[in-house]
Amino acid sequence: MGRERVTILGSTGSIGVSTLDVLARQPDRFEVHALTAHANVERLAEQCLAHRPAVAVMVDREAASALRDLLARAGSGTTVLAGEEALVDAARAPEVDVVMAAIVGAAGLLPTLAGAHAGKRLLLANKESLVMSGALLMDAVTHSGARLLPVDSEHNAIFQCLPAGYTCGESVCPHGAERILLTASGGPFRERPLQSFDAITPNEACAHPNWDMGRKISVDSATMMNKGLEIIEARWLFSLPPEAIEVVLHPQSIVHSMVSYADGSVLAQLGNPDMRTPIAHSLAWPDRMASGVAPLDLLKAGRLEFLPPSQERFPCLELAYRALKAGGTATTILNAANEIAVQAFLDERIRFPTIARLIDLTLAALPVRPADSLDGILAADAEAREYASAWVNAQATAH
Ligand code: NAD
Ligand code: MG
């Protein structure tokens with residue numbers, strides 16, 4: 001059998017870099033077909049020289065010409081393409097077997113959907129695409145015969161705790177599973193006094209105690225909107241009602257999530273907090289392969305604690321349940337408002353507690369429509385971005 005050809009959407013990010021690290025340990029099994037990035041020319045150039053993909057895509061056109069020049073001078077055989085259409089092509093190209101969807105945010109939706117429609121083995125890190133358009137993405141997977149494997153550590157853990165014959169998208173209930181327990185570290189502000197939340201800086205919010213991640217998901221972890229997005233992601237991956245999805249604070253990030261069965265058994269997956277484990281699992285499934293992650297030393301890990309999350313500290317959790325229960329485009333609106341709010345916070349235009357407030361306002365202001373077409377999803381996304389951005393701009397003018 002030939003080697004499996006892999007496209008990495010978002011190869012210069014935290015998940016992309018970890019994926020390349022895992023692939024480089026398995027040169028007999030995988031080869032890199034395409035690497036894609038937004039605008040980081042230097043990093044993508046380094047990756048192209050080290051991993052020799054057939055294709056490299058930069059969404060930004062100027063960055064693409066800079067990359068083309070750099071690679072030509074280095075004598076690289078990689079073809080450099082530019083723009084969003086090239087991104088979509090990199091995901092659906094006939095020679096591709098595996099797509100790692102690791103772009104951050106709504107920008108990942110179209111190429112991820114393209115991988116699903118083309119029937120690829122789709123490794124899903126880009127949770128925002130399921131939050132925006134869960135029904136469409138799961139339909140595309142079912143109809144094309146794509147194989148969807150979760151990379152998000154919690155969902156990967158749950159998948160590992162389900163029976164061998166289980167396929168993502170199916171309900172877990174016929175397998176005897178009654179509830180899933182998503183673990184959450186609680187981020188950097190689990191114990192910070194609430195009255196000092198106004199003073200939180202972007203760098204404090206991005207300094208996660210256990211995981212090293214991109215800035216957007218780091219802020220999401222600090223507000224716990226990341227867990228909110230993961231509740232919605234779990235609804236689609238495991239076809240469960242909101243009441244069957246629970247969140248448990250687990251500050252050590254050793255238990256990555258759990259499944260609770262009808263007979264009283266609770267199965268958990270444990271490991272060091274390193275994304276190379278779920279990445280290697282999804283690449284090798286149903287086999288196992290080395291990932292470079294050190295074995296878990298439970299004696300060193302010491303105490304494992306489990307605590308209830310505080311609604312007052314983490315209002316984003318309730319917002320996510322509310323959007324999930326409302327259905328339709330409510331979760332699309334939630335995701336778009338969150339992306340605008342997080343960027344505004346990173347740009348120091350709004351304070352940390354305003355992130356949740358702005359999402360709440362946007363959800364309350366906009367109509368929820370059926371989420372049954374891509375055009376409808378994109379329109380709801382655009383409308384929510386416009387509303388939230390206008391609100392941020394109005395704040396800036398008022399001060
Ligand atoms: P990151 O910010 O480190 O990297 C993002 C990647 O997306 C980069 O390669 C960037 O070039 C690309 N990108 C950004 N904007 C783009 C655009 N407009 N068009 C095309 N490409 C664009 O992010 P990350 O931490 O690697 O996270 C990636 C995804 O994986 C997110 O959806 C995140 O929620 C999810 N995830 C990440 C982790 C983690 O540990 N980092 C864990 C679980 C899930
Ligand atoms: Mg996660």
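# Briefing: open sheet, loop residues and nonpolar core

S253 is buried, at 6% relative accessible area (buried means under 20%, exposed over 50% and partly exposed in between, with a 1.4 Å probe and protein chains only). The model is predicted, so local features need pLDDT of at least 70 and side-chain atom pairs count only at pLDDT 80 or more, while totals for chains, interfaces and linings use all residues. Residues are numbered from 1 along each chain as its sequence is written, chains are lettered from A and ligands numbered from 1 in the order in which they are written, and side-chain values use heavy atoms, leaving out hydrogens and water.

**Loop residues**

- S253 lies in the loop between β9 and β10, and its phi is near 50°, a positive value in a residue other than glycine. Helices (H or I, at least four residues) and strands (E, at least two) are DSSP runs numbered from the N terminus.
- S239, in the loop between α10 and β9, also has a positive phi near 50°.
- S239 counts as partly exposed, at 28% relative accessibility.
- W285 and P286 are joined by a cis peptide bond with omega of about 5°; P286 belongs to the loop between α11 (276-284) and α12 (298-301).

**The sheet and its helices**

- An open sheet of 4 strands runs in the order β9-β8-β10-β11, with mixed pairing (two strands pair if DSSP finds at least two bridges between them).
- Its edge strands, β9 (245-249) and β11 (266-270), each pair on one side only.
- From one strand to the next, the twist averages 20°. Axes are lines fitted to C-alpha atoms, for helices over the stretch in contact, and angles run from 0 to 180 degrees between N-to-C directions.
- β10 (residues 255-261) pairs with β11 in the antiparallel sense over 5 bridges, and V266 in β11 is the bridge partner of S260.
- Helix α7 (residues 153-160) packs on the sheet, touching β8 (177-184), β10 and β11, and its direction makes about 40° with that of β10. Contact means heavy atoms within 4.5 Å.
- Helix α10 (residues 225-238) packs on the sheet through β8 and β9, its direction making about 150° with that of β8.

**The largest nonpolar core**

- The largest nonpolar core has 133 residues, of which L67, L162, F238, L283, L334, F352 and I359 touch the most other members. Such a core is a set of buried Ala, Val, Leu, Ile, Met, Phe, Trp, Tyr and Cys residues joined through side-chain atoms within 4.5 Å.
- Helix α14 (residues 330-346) gives the most to this core, with 11 residues.
- The core lies between domain 1 (4-150) and domain 2 (327-399), because both give residues to it; the domain bounds come from an automatic or database domain assignment.
- Residues up to four places away in sequence aside, L67 touches V41, L44, A45, A56, M58 and V80.
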